[in-house]
Amino acid sequence: MDLDPEGIFREDSDSDEEFSQEKEPTKDLVAYLVDASPKMFSPATTDGGKDDTHFHAVMNCLVQALKAQIIGRSYDEVAIVFFNTKEKKNLQDQEAVYVFNVEEREPLDKPTARLIKELSSIEDTFLSNIGSRYGITPGSRENSLNNAIWVAQALLRKGSAKTTTKRMVLFTNEDDPFGSVAGAIKTDMIRTTVQRAKDVQDLGILIELLPLSRPDEEFNVSIFYADMVGLEGDEIAQFLPLASQKLEDMTDQLRKRIFKKRKVKTLTFQLTNDVCIEVNTYALIRPTVPGTITWLDAMTNIPLRTERSFICNDTGALLEEAPKRFHPYNNEVVKFSVSELSAVKKLPNTANNLRLLGFKPLHCLKDYHNLRPSTFIFPSDEDIFGSTRAFIALHKSMLRLGRFALAFYGTSSNSRLVALVAQEEVTTSSGQVEPPGMHMIHLPYSDDIRSVEEIHTATDGVAPRATEEQIKKASALIKRIDLKDFSVCQFANPALQRHYGALQVFALGEDEMPDIKDETLPDEDGLSRPGVVKAIEEFKTAVYGENYNEEEEEKTAGGAHADAARKRKAIAEKAAEESKSYDWAVLADKGKLKELTVVELKYYLTAHNLPLTGKKEVLINRILTHLGK
């Protein structure tokens with residue numbers, strides 16, 4: 001078999017001689033280069049609004065991007081560099097370049113609340129404190145754009161190219177930065193600036209241009225910036241729409257945690273006793289939750305370090321020994337140390353190991369077998385050469401025969417069976433949509449699968465069943481309100497949005513909560529369409545009948561709830577009376593609670609509002625705990 005003849009498992013950077021997957025970077029370093037020339041402060045629209053300037057739009061874009069970054073990519077670092085300024089502030093002492101920063105922060109560092117606050121109000125004092133000027137004046141060879149790239153390059157020296165991605169993002173509305181000069185001076189400035197940009201890109205630093213078109217004319221990329229950022233042919237015509245969309249995305253970013261699709265870990269996939277291949281695992285969709293809680297000092301806001309100590313209940317002395325765990329068994333307390341519990345849970349020779357057990361037809365794998373989000377696996381020849389060839393053979397055979405692989409996946413803390421489902425590559429005219437590989441689905445244990453239990457609410461013990469007419473009307477209603485091309489990524493979690501909004505108000509000292517749009521609320525306009533209204537009414541008629549009165553039913557239901565409450569109260573009073581006839585403390589001391597029936601044990605639990613669930617041994621332990629035994 002040839003080694004991947006279609007090339008579908010190759011990365012774009014793979015060469016013919018070397019077929020290995022490089023580790024993806026985990027941190028993004030960005031230097032924002034903002035043009036501060038007088039043209040940026042001219043009106044951006046024909047309405048002549050005071051705040052409608054390109055500089056105002058860029059500042060608003062940066063503020064929103066930094067707010068989203070603190071939540072979504074808190075480890076990424078940014079620097080803000082203004083060029084075409086009167087004042088200069090940079091370590092290279094370059095003219096017309098001002099590196100904006102706040103105290104207690106490096107020029108290239110994680111964004112802070114103070115940086116966002118001062119950046120959001122910088123426009124009011126920018127002209128008086130920093131100043132604006134045309135960076136290139138006739139008769140001068142001072143090149144402010146070249147200086148800004150040089151300063152940004154020096155800032156981005158931080159970090160290794162293997163663990164970070166480095167970018168320069170340039171905001172400007174001037175498509176011809178050298179228009180004020182001519183002749184040999186202009187030619188020399190263009191040449192040196194383009195060469196500087198190419199040198200930066202050769203170092204692995206990406207330069208992104210976000211142009212701003214003026215009201216009277218559209219930004220012309222072909223004049224200079226096409227050569228600087230490396231645009232050719234059709235890319236020039238498609239550049240402006242894509243850049244405009246990128247600028248809108250930066251301004252309207254959603255508050256959400258962003259998990260980069262990077263390699264999680266490398267596994268050894270054991271096919272037989274003698275054959276092993278190497279695969280990488282990747283995390284796909286994961287639920288987002290609020291960040292971890294950090295306790296701060298009330299006066300200084302410095303993070304606190306928490307320490308936990310165990311105190312003896314009898315003597316009040318601090319316990320120096322490590323705490324031990326126990327489990328009651330046969331009226332005895334069996335003690336375990338932490339190391340012993342870890343040894344019990346740990347299986348030998350299972351760390352980062354995936355072992356093939358066999359194959360089954362795909363129809364044997366049910367939807368409810370998927371306990372948690374799947375993990376995507378992809379071959380790698382980094383340590384075991386030939387892994388990709390074996391993986392391709394296995395992948396193609398599983399697709400051809402309609403089988404999934406059953407495997408054992410072991411870690412130091414959790415071991416279980418997994419199903420490996422092959423995914424075929426999906427491509428469109430615009431490129432690859434889904435990569436080839438396998439999804440690792442974590443299968444449940446036998447006791448994780450619960451049979452569906454019917455709730456018998458009828459007094460005669462017969463559960464109500466839907467009629468064919470009711471099923472038909474319900475199906476028609478579901479088809480009417482079905483969301484086309486639904487994806488979980490289309491809707492934001494409103495609770496998380498409010499949480500992040502509250503953090504923003506607290507950190508930035510704002511007075512009002514930002515507007516939170518709850519996208520999970522019912523679509524009232526959609527539900528009021530005639531077809532949907534008709535389907536709802538037909539379903540209600542099929543279930544409740546034509547003469548259904550909702551108000552009367554609510555009154556009847558309220559009376560039923562009152563009767564149920566009275567019955568529960570009577571049962572609790574009876575249990576309290578029965579409980580008084582037992583000396584529970586004596587029974588507990590003599591170990592005679594196990595001689596009582598479950599009904600008798602529940603007298604005590606009901607009288608003291610304790611849970612009634614569990615087996616007899618659990619009920620006894622609950623009573624002993626309540627008695628302090």
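**Exercise 1. Which residues of H4 meet which residues of H5, and how do the two helices pack?**

Solution.
Step 1. The elements are DSSP runs numbered from the N terminus, with helices being H or I of at least four residues and strands being E of at least two. Helix H4 spans residues 144-155 and helix H5 spans residues 183-202.
Step 2. With contact taken as heavy atoms within 4.5 Å, Leu145, Asn146, Ile149, Trp150 and Gln153 of H4 meet Thr192, Thr193, Arg196 and Val200 of H5.
Step 3. These contact residues divide into four nonpolar, four polar and one charged. Nonpolar covers Ala, Val, Leu, Ile, Met, Phe, Trp, Tyr, Cys and Pro, charged covers Asp, Glu, Lys and Arg, and the others, Gly among them, are polar.
Step 4. The packing angle of H4 and H5 is about 15°, and their axes are 9 Å apart. Axes are lines fitted to C-alpha atoms, for helices over the stretch in contact, and angles run from 0 to 180 degrees between N-to-C directions.
Step 5. H4 and H5 are therefore roughly parallel to each other. Angles under 35 degrees count as roughly parallel, over 145 as roughly antiparallel, 65 to 115 as roughly perpendicular and the rest as oblique.
Step 6. The crossing of H4 and H5 is left-handed. A crossing is left-handed if the near helix is turned anticlockwise from the far one by less than a right angle, and right-handed if clockwise.

The model is predicted: local features need pLDDT of at least 70, side-chain atom pairs count only at pLDDT 80 or more, and totals for chains, interfaces and linings use all residues. Residues are numbered from 1 along each chain as its sequence is written, and side-chain values use heavy atoms, with hydrogens and water left out.

**Exercise 2. Are H1 and H2 roughly parallel or roughly antiparallel to each other?**

Solution.
Step 1. Helix H1 (residues 54-72) and helix H2 (residues 113-120) pack at an angle of about 165°, and their axes are 9 Å apart.
Step 2. H1 and H2 are therefore roughly antiparallel to each other.
Step 3. H1 passes H2 in a left-handed crossing.
Step 4. On the H1 side, the contact is made by Met59, Leu62, Val63, Leu66, Lys67 and Ile70; on the H2 side, by Leu115, Ile116, Leu119 and Ser120.
Step 5. The contact of H1 with H2 comprises eight nonpolar residues, one polar and one charged.

**Exercise 3. What is the strand order of the open sheet of five strands?**

Solution.
Step 1. The order is S3-S2-S1-S4-S5, and the pairing is mixed. Two strands pair if DSSP finds at least two bridges between them.
Step 2. The edge strands are S3 (97-100) and S5 (205-211), each pairing on one side only.
Step 3. On average, neighbouring strands of this sheet are turned by 20° against each other, direction ignored.
Step 4. Strand S2 (residues 77-83) runs antiparallel to S3 and is joined to S3 by four bridges. Ile80 stands opposite Phe100 in S3.
Step 5. Strand S4 (residues 164-172) runs parallel to S5, and seven bridges join the two. Here Arg167 stands opposite Leu206 in S5.
Step 6. Six of the seven residues of S5 are buried, where buried means under 20% relative accessible area, exposed over 50% and partly exposed in between (1.4 Å probe, protein chains only).

**Exercise 4. In which sense does S10 pair with S12, and over how many bridges?**

Solution.
Step 1. S10 and strand S12 (residues 403-410) pair in the antiparallel sense over eight bridges. Gly358 stands opposite Leu406 in S12.
Step 2. Strand S6 (residues 263-270) is joined to strand S10 (residues 353-361) by three bridges, and these two run parallel. Gln270 stands opposite Arg355 in S10.

**Exercise 5. Where does Asn84 lie, and is Glu104 buried or exposed?**

Solution.
Step 1. Asn84 lies in the loop between S2 and S3. Its phi is near 65°, a positive value in a residue other than glycine.
Step 2. At 8% relative accessibility, Asn84 counts as buried.
Step 3. Glu104 lies in the loop between S3 and H2. Glu104 is not a glycine but has a positive phi of about 60°.
Step 4. With a relative accessible area of 82%, Glu104 is exposed.
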